Amino acid sequence: MELRRQHSRAKLTHDDIVKIVGNKYGRLIVLNFKEKRVELNYPFRITYWYECRCDCGNTHVVRRDRLLKGFTRSCGCISIINNEA
Ligand SMILES: [Zn+2]
């Protein structure tokens, strides 16, 4: 029985986690690392969440990979603005 199942994404070190603090993604500036969560749908998948501040002044907690991949670029105000435009 093969129990050794490597996950493609290695666990992040503390350095990796804090490295993106201060970075800006779209309208969001990463303020600090908030928490690690284990996804219920994927029991072995750990996600990393950051508190960010949007240009509009709102704070918003965003998942790391959504920030890095550019899926989340604001607290939600960008799509609101686009709808009004
Ligand atoms: Zn905003």
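Predicted model: local features only at pLDDT ≥ 70, side-chain atom pairs only at ≥ 80, totals over all residues.
Colleague: How many bridges pair strand 2 with strand 3?

Modeller: Two strands pair if DSSP finds at least two bridges between them. Strand 3 covers residues 46-54 and runs antiparallel to strand 2. The number of bridges in this pairing is 9.

Colleague: Is arginine 45 buried or exposed?

Modeller: Arginine 45 lies in the loop between strand 2 and strand 3. A residue is buried if 20 or more other C-beta atoms, placed from the backbone, lie within 10 Å of its own, exposed if 12 or fewer, and partly exposed in between. Because arginine 45 has 12 C-beta neighbours inside 10 Å, it counts as exposed.

Colleague: Which glycine takes a positive phi in the hairpin of strand 3 and strand 4?

Modeller: Strand 4 (residues 59-63) pairs antiparallel with strand 3 over 5 bridges, and cysteine 52 stands opposite histidine 60 there. The hairpin has 4 residues between its strands. The residue with a positive phi, near 105°, is glycine 57.

Colleague: What is the phi of glycine 26?

Modeller: Strand 1 (residues 24-25) is joined to strand 2 (residues 28-38) by 2 bridges, antiparallel. Glycine 26 is in the turn of their hairpin, and its phi is positive, about 65°.

Key: Residues numbered from 1 in each chain as written.
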